[in-house]
Amino acid sequence: MKKHDIIVVGAGCVGCSIARSLATASDLDIALVEKEHHLAQHQSGRNSGVLHPGFNYEPGSLKARFATEGTRRMKEYAAKNDVPIDECGVLVVAQSNAEEQRLEKLQEQAAENGVETEFLRGQDTIAEYEPHVSGQAALRAPGAASIDSQQYVYSLARDAEAAGVDIYTDTRVDEVVERSDSFHLSTSSGSLVGRYVVNAAGLYADKLAAKFGVGEGYQVVPFRGEYYEVVPEKRATCRSMIYPTPDPELPFLGVHYTRRTDNKVIVGPNAVLAFGREAYDNTNLNISELVETLGFRGFQRLISNRKMIQVAWDEMNKSYRKQKFVAAAQRLVPGVEATDLRPSFAGIRAQVVSSDGELVKNPLFKHGTDSTHVLNAVSPGLTCSLPFGDHIAESVLDRFDS
Ligand SMILES: Cc1cc2nc3c(=O)[nH]c(=O)nc-3n(C[C@H](O)[C@H](O)[C@H](O)COP(=O)(O)OP(=O)(O)OC[C@H]3O[C@@H](n4cnc5c(N)ncnc54)[C@H](O)[C@@H]3O)c2cc1C
């Protein structure tokens with residue numbers, strides 16, 4: 001039975017970043033445990049790959065601080081470690097006066113967060129940057145970038161390993177037994193013992209936390225985000241990244257265009273209830289997980305709100321009816337046709353919902369006795385991962401043996 005001082009569960013960008021920080025800042029014996037054979041198989045490898053420089057987030061919030069610092073640090077990290085990155089900037093587009101006003105607010109917020117932006121008024125000014133976009137105004141953030149998130153996670157894991165972390169893949173943590181001075185973890189590959197456990201299990205973080213008696217009143221509700229890819233001959237449709245004006249009440253940013261580091265242009269994601277935490281296809285069903293979501297009081301309260309019912313219906317339609325998805329894409333780029341888009345991958349967001357029906361929009365972590373649980377590494381969790389990993393590692397080291 002292998003013993004470690006600290007066991008980090010989950011090797012997505014958050015778990016890898018935490019393990020790397022812990023090993024760099026201490027001489028402790030650290031393990032990183034991942035249920036899949038490959039890293040970044042879930043949220044960290046199935047996302048838009050956009051570094052959000054922080055104009056979207058409330059000034060003074062942890063999310064704003066982590067996003068601005070995270071963007072800067074990830075650019076430096078990518079350059080130093082040969083992780084593919086394209087610093088192409090983003091355009092957030094307004095189609096109405098109400099959206100234009102929201103963009104003005106976003107620009108004020110950006111200034112407070114120290115994020116550079118430029119306000120573009122009128123179609124002609126927008127066309128200088130994105131000739132195919134339709135809109136009456138746009139906010140341009142030149143600091144946004146597109147990164148290869150899978151290669152980034154592998155690079156973090158290599159750093160962690162070089163700093164002494166033992167990485168166990170194909171190792172799913174199933175059960176936890178607390179002993180006087182340690183936790184015994186039963187896994188799909190035998191037992192592990194840790195004096196302290198850090199839970200970064202993403203879509204299953206609430207379930208693992210419950211085994212430690214932590215996180216009551218919160219549940220992960222899985223929201224699938226599906227993408228289409230623009231066919232190669234139409235990639236010129238998008239030079240950088242194009243977003244709609246966000247709805248401040250929703251945690252999701254809406255269907256957008258992203259030019260990726262491999263030069264593909266992806267369009268998406270929508271946000272539809274997934275019928276299972278890893279139900280990546282809209283025909284996949286995990287009955288027990290679906291029943292659990294539908295039976296959760298927080299979810300029932302969330303969807304009892306009229307606006308949410310409308311949003312859920314629209315998003316569901318985008319999943320099952322391509323034309324509805326295309327219509328959302330055409331709102332930004334009217335020239336895009338259904339034949340220009342072909343189905344691509346899907347990701348599933350681990351969106352934490354509280355039992356009173358609130359979609360938790362900020363990073364959320366809770367401590368137990370000798371354990372720390374990242375319950376909500378909400379988007380832009382990839383962007384935030386370096387400072388967030390340091391933040392969690394610092395609080396774990398403060399608590400370790402104290
Ligand atoms: C569709 C989509 C688009 C997004 N776009 C962006 C974006 O453009 N920019 C941005 O900054 N963020 C974006 N995000 C958010 C970002 O991807 C996530 O916040 C981030 O990846 C969360 O990382 P994580 O390490 O917490 O989770 P994950 O990557 O899900 O990692 C958790 C790991 O834990 C493992 N695990 C689970 N249970 C166990 C167990 N019992 N035992 C062992 N291992 C276990 C899983 O296999 C998994 O590898 C997006 C997310 C989605 C889904």
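1. A40 is found in the loop between β2 (30-33) and β3 (50-51); helices (H or I, at least four residues) and strands (E, at least two) are DSSP runs numbered from the N terminus. Phi of A40 is near 55°, a positive value in a residue other than glycine. At 3% relative accessibility A40 counts as buried, where buried means under 20% relative accessible area, exposed over 50%, and partly exposed in between (1.4 Å probe, protein chains only).

2. This is a predicted model, in which local features need pLDDT of at least 70 and side-chain atom pairs count only at pLDDT 80 or more, while totals for chains, interfaces and linings use all residues. Residues are numbered from 1 along each chain as its sequence is written, and side-chain values use heavy atoms, with hydrogens and water left out.

3. D370 also has a positive phi, about 60°, although it is not a glycine. D370 sits in the loop between β19 and β20 and, at 32% relative accessibility, counts as partly exposed.

4. Two cis peptide bonds deserve a look. One joins G268 and P269, with omega about 0°; P269 is in the loop between β16 (265-268) and β17 (272-273). Another joins S379 and P380, with omega about 10°; P380 lies in the loop between β20 (371-376) and α11 (381-399). Most residues other than glycine have a negative phi, and most peptide bonds are trans.

5. N362 is placed in the loop between β18 (341-354) and β19 (364-368) and is partly exposed, at 36% relative accessibility. Leaving aside neighbours within four places in sequence, N362 is in contact (heavy atoms within 4.5 Å) with S61, K63, N376 and V378. The C-alpha atoms of N362 and A377, 15 residues apart along the chain, are separated by 7.9 Å.

6. The second largest pocket holds about 570 Å³ of space. Of its 23 lining residues, the closest to the centre are L250, G254, V255, E315 and K318. On a 1 Å grid over the protein atoms alone, a pocket is an open set of points where a 1.4 Å probe fits, with protein on both sides within 12 Å along at least five of seven lines; lining residues have an atom within 4 Å of a point. The volume is the space filled by probe spheres set on the points, which are joined across faces, edges and corners. α9 gives the most to this lining, with five residues.

7. Overall, the protein has 11 helices and 20 strands. Of its 402 residues, 55% count as buried. The C-alpha trace spans about 65 × 45 × 40 Å along its principal axes.
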